[in-house]
Amino acid sequence: MCKPGEGSADQADENIPGLDSKKVQAFFGKLRLPYVWAERALTKIMFKDPGDTAHMRLLLYVWFVVVPFHVYLHYVYQWGYDLKTVGMMIALSTVNYGPSFATAKAFFGLIHLEGHAAWRGGLMKRPFWFLERSAEWMWTPIQGALPEGPRTFHVCMHHKYFNNLDDLTCTLFYDRASKKDFFLKFMPRMYVLRTLGFGMLYHFYLKKSWKNFKRQVVAMVWVYAQVALAALLQPTWLPVIHMLAMQLVYTMFYFVNEWGMHAFIDPLESNNPFLEKNTTILPDTNYQSEAYHLSHHAKNTSYAAKDKYKEQKFYEVEVNTDKNRRQYNCFSGMVYLDLFKKLMKADFDSLAEHLVLSKNVEMSHKEKVELLKRRTRKFDYRSYTQEFLESRGFYGPLMHVE
């Protein structure tokens, strides 16, 4: 596992990938070194954690590359039905997503961290409070998402109700091994309720959470005002269509992972608490992955690199030394995208091979397959009483945050 600080500034001095010439490597290395020094200095000045260099780098990229390009392309450059415009669209997508979605993954990791850190005093020092969550407000509209999603929707709904029947992103209504349920039922619902923001407004209205309701109104006005401005300034509707396409990409990108993270649950298992049996754990050695998903939900951890050892201790104590013979949804040798692909193929044999048995639990391959099939079935909550559902955590908050 990477130690705090590793995987950020310490890796910046390495050779630039993709360049074979040693002379070119040396030339760019000399140019890059002063930038790395400045990056580290800014991190120490602005961030509470001096090891957050990777986040500083991403913020600089947002402020000085992504946002200026977005402003120029959508509000200055005139879109037309020509190859130049197509090239501009490809360029913007490259700036947004990066190779193999690497930039987008880093960005969503940052705003996820910012969203949780907002409830713990934030990431930045007091003089720079006005830059807190600036990436979220400046980049999410370009990515097709709404600001306030991480702090309000993600924490105050998904973490608070944690995929139970009060959570709009709940996967229990669907067969998690069904392509039809994911692409034709779950995804359209998430596009309207989550990506467009209308479900968030409805949820906070029902819960009378007026502070979060107002936050979402501001976020929606901010995004849709940008779309309207692009429509007014451009001679064609192509920029608007492009923004809507980005929303679809974001919805797919986000919920493919969420589907795998909360795919396995059996309401009739009485020995597993709701929180534990509804969480997928991937024991990965990369500290930036969702390796300790269980502890993240159980303790609302921030996912900062410096918190990873604390999360590891929770993982080791609560899972590996379990005396209650609970079988956790713990997999190895894959990432969430792999998990999603196997679910869409209903490949339970392969999933069973990657399933990690908890301590004191013994299962044959056939028993593993049956367990996974049972935990991915659609949950017919109408078959149970309200008292039963509440006693098992299927209604009401599992974490208190407003």
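The model is a predicted one, and the chain in it has 402 residues, of which 53% count as buried. Its secondary structure comes to 17 helices and 2 strands.

**Overall build**

- Among contacts between residues at least 6 apart in sequence, 68% join residues that are at least 24 apart in the protein chain.
- The protein chain exposes about 19,400 Å², and carbon and sulfur atoms supply 61% of that area.

- In soluble globular proteins, nonpolar side chains tend to be buried together.
- The largest nonpolar core in this model has 64 residues, and the members that touch the most other members are Leu59, Trp63, Phe182, Trp259, Phe331, Leu351 and Leu372; helix H2, which spans residues 53-76, contributes the largest share of this core, with 10 residues.
- Apart from that core lies another one, of 11 residues, which includes Met157, Tyr161, Met200 and Val223.
- Tryptophan 63, when its neighbours within four places in sequence are left aside, is in contact with Met46, Met56, Pro68, Leu131, Ser134 and Met138.

**Glutamate 114, a buried charged residue**

- Glutamate 114 is placed in helix H4, which covers residues 102-117.
- Glutamate 114 is buried and yet has no salt bridge, since the nearest side chain of opposite charge, that of arginine 133, is 5.7 Å away, whereas a salt bridge requires a side-chain nitrogen of Lys or Arg within 4 Å of a carboxyl oxygen.
- Not counting residues up to four places away in sequence, glutamate 114 touches Leu59, Leu123, Arg133, Ser134, Ala135 and Glu136; Leu59 is also one of the core residues that touch the most other members, and Ser134 is also in contact with tryptophan 63.

**Surface patch**

- Tyr202, Tyr205, Leu206 and Trp210 form a nonpolar patch on the surface, and together they have about 470 Å² of accessible area.
- Helix H8, made up of residues 198-206, gives the most to this patch, with 3 residues.
- Tryptophan 210, another member of the patch, has its place in helix H9, residues 210-233, and counts as partly exposed because its relative accessibility is 40%.

**Valine 335**

- Valine 335 is found in the loop between strand E2, residues 329-330, and helix H14, residues 336-344, and is partly exposed, with a relative accessible area of 41%.
- Valine 335 and asparagine 257 are 78 residues apart in sequence, while their C-alpha atoms are 9.2 Å apart in space.

Methods:
Residues numbered from 1 in each chain as written. Predicted model: local features only at pLDDT ≥ 70, side-chain atom pairs only at ≥ 80, totals over all residues. Heavy atoms only, no water. Helix = DSSP H or I, 4+ residues; strand = E, 2+ residues; numbered from the N terminus. Buried < 20%, exposed > 50% of the residue type's maximum accessible area, 1.4 Å probe, protein only. Lys, Arg positive; Asp, Glu negative; His and termini not counted. Contact = heavy atoms within 4.5 Å. Areas by Shrake-Rupley, 256 points an atom, 1.4 Å probe, with all protein chains shown as cover. Patch = residues over 30% accessible without salt bridge, like charges linked within 9 Å, V, L, I, M, F, W, Y side chains within 5 Å. Core = buried A, V, L, I, M, F, W, Y, C linked by side-chain atoms within 4.5 Å.
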